[in-house]
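Me: Hi! I'm new to this one, could you walk me through it?

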Amino acid sequence: MLRIAIQSKGRLNEESLLLLQNIGIEVDAPKRKLLSKSQTFPIEALYLRDDDIPQVVAGGTATLGIVGLNEIEERKADVDILYRLGFGTCRLSLAVPKGEDYSGPSWFSGRRIATSYPNILRKYLEEKKIDARVEVITGSVEIAPAVGIADTIFDIVSSGSTLVANGLKEVETVFESEAVLIANKSRGVQEQAVIDDLLFRIESETVSRGKKYLLMNLPKSALEEAIKIIPAMRSPTVMPLASPDWCSLHSVVDAADLWIKVRQLKAIGAEGILVMDVDKIIL
Ligand code: ATP
Ligand code: MG
């Protein structure tokens, strides 16, 4: 039974469980249980605070874990990063009070910077040869300048609205993060076989994310043009229709491009366009 460490509550919990569910692995949510065995896959979830996940996987108490790349980098955890999961995206940035006339990284020389990520920050300051004071605080970093603990902050940013609400502006992005699947380095052959199956499923799941299945009726004379608009994974599927001058064209497109493509296809004569969700793509 492979053990996977998952955040018990917080920003990564729901999406981690949803990912497992989408690849056919059902585990109980972390109500009062620390451990939950899946009935559908040889895996059990161990629910922890995200701070503890890197060490627990590095030490082998859990073979796998889902955690932010920022935590791995900060704790210099000795684990393998198996897969970037594409959720929990955020960045670690330096921010200064919004009225400051910011001139570049040397602005931070001699200033006090509050952060919960001292290791990542110190590495950046060393690289830039900036002599600043790092004030380590564990929560509510964004209020540090207002209460006088520091002059500026280095913290997690996603939309930036928390910074704005605290009268700060983001000036330097230092580290880009997202949730990652991590593994203990000395995992065995049998464990690796289960992990390979898991990775195969995760890949199919992430590839199909944000994809739409398109089918439409098209005059045969417009086929060449249509294939340029929707190239598909290998080549689009073309099927005959009862009417000899028409065909049915099927393809997969990125949801982000959907409306642009639909408009282009209509312009060359496509009719009866159907758009459907894609559940899985197995490459
Ligand atoms: P825990 O109680 O498990 O220690 P936490 O409060 O340390 O939780 P969360 O705020 O739940 O952590 O964030 C978990 C991870 O989510 C972060 O380490 C980061 O990788 C990611 N994340 C994505 N967006 C944000 C954001 N806007 N603020 C904080 N973390 C974010
Ligand atoms: Mg934490």
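Here is a chat about the overall fold, the metal site, the charged pairs and the rings.

Me: What should I know before looking at any numbers?
Reply: This is a predicted model, where local features need pLDDT of at least 70, side-chain atom pairs count only at pLDDT 80 or more, and totals for chains, interfaces and linings use all residues. Residues are numbered from 1 along each chain as its sequence is written, chains are lettered from A and ligands numbered from 1 in the order in which they are written, and side-chain values use heavy atoms, with hydrogens and water left out.

Me: Thanks! How many helices and strands are there in the protein?
Reply: The protein has nine helices and 15 strands. Both are DSSP runs numbered from the N terminus, helices being H or I with at least four residues and strands E with at least two.

Me: And is the protein a compact globule or more spread out?
Reply: More spread out, because its radius of gyration is 25 Å, well over the 19 Å that the globule rule gives for 283 residues. That radius is taken over C-alpha atoms, and the rule is 2.2 Å times the number of residues to the power 0.38. The C-alpha trace spans about 75 × 55 × 35 Å along its principal axes.

Me: What share of the residues is buried?
Reply: Buried residues make up 44% of the 283. Buried means under 20% relative accessible area, exposed over 50%, and partly exposed in between, using a 1.4 Å probe and protein chains only.

Me: What about contacts between residues at least 6 apart in sequence?
Reply: Of those, 69% join residues at least 24 apart. A contact here means heavy atoms within 4.5 Å.

Me: Switching topic: which residues hold the magnesium ion?
Reply: The protein donors of the magnesium ion (ligand 2) are Asp50 and Asp51, each through OD, at 2.0 to 2.1 Å. Donors are N, O and S atoms within 2.8 Å of the metal (3.2 Å for Na, K and Ca), and water is not among the atoms, so sites may look incomplete. Asp51 counts as partly exposed, at 24% relative accessibility.

Me: Now the charges. How many salt bridges are in the whole structure?
Reply: A search finds 19. A salt bridge is a side-chain nitrogen of Lys or Arg within 4 Å of a carboxyl oxygen of Asp or Glu.

Me: Which residue does Glu170 pair with?
Reply: Glu170 forms a salt bridge with Arg91, at 2.7 Å from N to O. The pair links distant parts of the chain, with Glu170 in strand 10 (residues 168–177) and Arg91 in strand 6 (residues 90–97), 79 residues apart. Glu170 is partly exposed at 29%, and Arg91 is partly exposed at 21%.

Me: Are Tyr102 and Trp107 buried or exposed?
Reply: Tyr102 and Trp107 are both buried. Trp107 also pairs with Phe108, and this pair is edge-to-face because the centres are 5.1 Å apart and the planes are at 80 degrees. Phe108 is buried as well, at 0% relative accessibility.

Me: What do Tyr102, Trp107 and Phe108 form together?
Reply: They form one aromatic cluster. Arg111 lies over the face of Trp107, at 3.8 Å from the ring centre. For a charge to sit over a ring, NZ of Lys or CZ of Arg must be within 6 Å of the ring centre and within 35 degrees of the ring normal.

Me: Last one: where does Lys76 lie?
Reply: Lys76 is in the loop between helix 3 (69–75) and strand 5 (80–84). Its phi is near 45 degrees, a positive value in a residue other than glycine. Lys76 counts as exposed, at 60% relative accessibility.

Technical notes
Phe/Tyr/Trp six-rings, centres within 6.5 Å; stacked < 30°, edge-to-face > 60°.
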